Amino acid sequence: MSKYVERFNVVERVLHWFMVVAFFLLVFTGLGLFAHTFYGYFNFFGGPHQAMLIHKWAGLMFFTSSLLLAFSHLKDLFTFDADDVLWIKKCGGYLSKGHEDIPQGKFNCGQKLFGIFSLAATFIMGITGFILWFAEGFARGAVQASLLLHSLFFVLFVLAAIVHIYLTTLGNPGTISSMLYGNVTKGWAKMHAIKWYRKVEKG
């Protein structure tokens, strides 16, 4: 009997890694626009013009893969119950010394909130990015508002991504294997997603 259980299929993992690659391209090509301190980063991409071209196409890649991945988990992301409320009250157990037994589904409450934030931020970054890409076709006020929102969500997205990367690697060992190989151990599933694991076991 296998000690592993499938958490993400091939399509979900491919979409996720498309997002990751596009995200880092967006961050490093966007830093030069965000602050003059990082203007030299454009040189890694062959100059400002080439960096902006990569930024725009990486934005399309991120927007598409992010929406497809979010829509494939839409029901899980937007379904909350009493256990999710308990998860919030106990801050996911991250502030406790021992393991907090808070039954969770495929995604814990924090992952759901991160997913919903990512979906909303993707829409905002996509719409404002489109306006900035074709700025000459929009009113000055719309362009200025888009620039402000694009910069604000750039910072929020980077901060959220740092937390997400930590929690899926060092914070919760064994989690990253689900995005590398598609599987997690049954022990991991029982500890972090017991309600989802029970459904999988029932078939």
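This is a predicted model: local features need pLDDT of at least 70, side-chain atom pairs count only at pLDDT 80 or more; totals for chains, interfaces and linings use all residues.

Colleague: How many salt bridges does a search of the whole structure find?

Modeller: Side chains of opposite charge can pair when their charged atoms come close. Besides the pair of Lys-112 and Asp-84, Lys-195 meets Asp-81 at 2.7 Å, N to O. Lys-195 also forms a salt bridge with Asp-83, where the closest N and O atoms are 2.8 Å apart. The search of the whole structure finds three.

Colleague: Which residues are linked in a network of salt bridges?

Modeller: Lys-195 lies in helix H9 and Asp-81 in the loop between helix H3 and H4, so this pair ties together parts 114 residues apart in sequence. Lys-195 counts as partly exposed at 23% relative accessibility, and so does Asp-81 at 35%. Asp-83 counts as partly exposed too, at 21%. The network is made of Asp-81, Asp-83 and Lys-195.

Colleague: Staying with helix H9, why are the buried residues on the same side of it?

Modeller: Helix H9 covers residues 194–202, and Ile-194, Trp-196 and Tyr-197 are buried there. They are on the same side because they cover an arc of only 155 degrees around the axis. On the other side of H9, Lys-199 and Lys-202 are exposed. So the reason is the arc of only 155 degrees.

Colleague: What covers those buried residues of H9?

Modeller: The cover comes from elements at quite separate positions in the numbering, including residues 4–6 and 183–185.

Colleague: Which elements does the whole protein have, and how many of each?

Modeller: Reading from the N terminus, the elements run β-α-α-α-α-α-α-α-β-α-α. The C-alpha trace spans about 60 × 35 × 30 Å along its principal axes. In number, the protein has nine helices and two strands.

Colleague: How much of the chain is helix over residues 147–167?

Modeller: The unreviewed UniProt entry places the feature "transmembrane region" at several stretches, among them 113–135 and 147–167. Over residues 113–135 the chain is 91% helix, with the end C-alpha atoms 32 Å apart. Over residues 147–167 the end C-alpha atoms are 30 Å apart, and the helix content is 100%.

Colleague: Which residues does Ile-124 touch, leaving out those up to four places away in sequence?

Modeller: Ile-124 is found in helix H5, and it is partly exposed with a relative accessible area of 26%. Its C-alpha atom is 8.8 Å from that of Ser-146, which is 22 residues away along the chain. The residues that Ile-124 touches are Leu-149 and Phe-153.

Colleague: One last thing: which residues form a nonpolar patch on the surface?

Modeller: One member, Ile-127, lies in helix H5. Together the patch residues have about 460 Å² of accessible area. The patch consists of Phe-71, Leu-74, Phe-78, Phe-123 and Ile-127.

Note on methods
Residues are numbered from 1 along each chain as its sequence is written. Side-chain values use heavy atoms; hydrogens and water are left out. Patches are made of residues with over 30% relative accessible area and no salt bridge: like charges are joined within 9 Å, nonpolar side chains (Val, Leu, Ile, Met, Phe, Trp, Tyr) within 5 Å. Accessible areas come from the Shrake-Rupley method with a 1.4 Å probe; for residues, only the protein chains shown count as cover. A salt bridge is a side-chain nitrogen of Lys or Arg within 4 Å of a carboxyl oxygen of Asp or Glu. Helices (H or I, at least four residues) and strands (E, at least two) are DSSP runs, numbered from the N terminus. Buried means under 20% relative accessible area, exposed over 50%, partly exposed in between (1.4 Å probe, protein chains only). The arc is that of the directions from the helix axis to the C-beta atoms. Contact means heavy atoms within 4.5 Å. UniProt positions are given in the numbering used here, feature names are shortened, and annotations may be inferred rather than shown by experiment.
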